[in-house]
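Trainee: I'd like to learn how to read a new structure. Could you walk me through this one?

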Amino acid sequence: MRRIALLALVVICAIAIIHGFFMPWAKASASVTKVAKSLASSATGGILENTPFAGKFIRGLDKATDKISELGDVQIKTAVSGYDIPTLINKKSSQVAIAIASAMFKDVKDLDKKSMLVYLLPLLALLCIGLAIVGIKNKIALIVMAVLSGGIAVGGLYNLMTVNLSDLPIQISIEQGLWQTMYAYLIIFVIGIVWIVLDLKGAKK
């Protein structure tokens with residue numbers, strides 16, 4: 001009965017992971033004036049510095065920024081889910097997706113390929129259910145489940161808690177879907193450890 005209850009908890013966590021995959025993982029908001037200032041700053045540096053194009057570009061931005069300021073600044077908001085991230089990164093159409101993927105993998109090299117690994121998260125949740133079912137009679141399956149879920153949870157949470165998103169021209173916040181995914185894997189890890197310990201104690205009696 002105890003093993004069935006623990007299996008049920010693993011199933012609930014796996015459902016939470018799959019659900020979280022389609023929820024917002026990150027949201028971004030930026031004021032139009034802030035983005036305009038960032039573009040102007042970029043135009044005054046590098047190869048465009050001191051060129052007629054840079055001056056014309058900045059003057060145009062200044063005029064647009066002044067008009068927006070007269071109306072009241074405009075906030076641009078967007079959100080991406082785990083399901084969206086690989087597609088958006090391959091299209092290079094979302095700075096939010098790129099920022100979150102960079103936070104998860106800690107390296108932008110081959111990010112388009114690495115981002116496809118995001119699709120493994122719901123699949124590995126299903127694998128954890130399978131391992132838990134096998135684990136009713138085989139402790140090795142429980143060890144694999146604990147190592148797998150623990151690696152994902154600890155690595156993911158560490159990266160998310162140490163990432164610096166403050167340097168971007170847009171404000172990015174990590175949303176419930178991603179936290180839910182990582183904490184659900186953490187709970188599966190704890191369940192696996194508890195399950196193994198309880199089985200070992202039971203075997204000694």
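Trainee: What share of the residues of the chain count as buried?

Mentor: Of the 205 residues in this chain, 39% count as buried. Keep in mind that the model is predicted.

Trainee: Okay, and how many helices and strands does the chain have?

Mentor: You'll find nine helices and three strands. Walk along the sequence and the pattern reads α-β-α-α-β-α-α-α-α-α-β-α.

Trainee: Where is alanine 14 found, and is alanine 14 buried or exposed?

Mentor: Helix H1, residues 2–21, is where alanine 14 is found. Its relative accessible area is 1%, so alanine 14 is buried. Leaving aside residues up to four places away in sequence, alanine 14 touches Ala125, Ile129 and Ile188.

Trainee: Now helices. How do I describe two that pack together?

Mentor: In general, you give the angle between their axes and the distance between the axes. As for handedness, the crossing of H7 and H8 is left-handed.

Trainee: Which residues of H7 and H8 make the contact?

Mentor: On the H7 side they are Leu121, Leu124, Leu127, Cys128, Leu131, Ala132, Val134 and Gly135. H8 brings Ala141, Leu142, Val144, Met145, Leu148 and Ile152. Sort the contact of H7 with H8 by class and you get 13 nonpolar residues, one polar and no charged ones.

Trainee: Last one: how do I handle confidence?

Mentor: The general idea is that where pLDDT is low, the predicted coordinates should not be read in detail. For this chain the mean pLDDT is 77, with 68% of the residues reaching 70 or more. Over residues 42–58 the pLDDT is below 50, and beyond near neighbours in sequence that stretch has eleven contacts in the model. Residues 70–76 also stay under 50 in pLDDT, and the model has 15 contacts for them beyond four places in sequence.

How values were computed. Residues numbered from 1 in each chain as written. Predicted model: local features only at pLDDT ≥ 70, side-chain atom pairs only at ≥ 80, totals over all residues. Heavy atoms only, no water. pLDDT = per-residue confidence, 0-100. Contact = heavy atoms within 4.5 Å. Left-handed = near helix turned anticlockwise from the far one by under 90°. Helix = DSSP H or I, 4+ residues; strand = E, 2+ residues; numbered from the N terminus. Nonpolar A, V, L, I, M, F, W, Y, C, P; charged D, E, K, R; others polar. Buried < 20%, exposed > 50% of the residue type's maximum accessible area, 1.4 Å probe, protein only.
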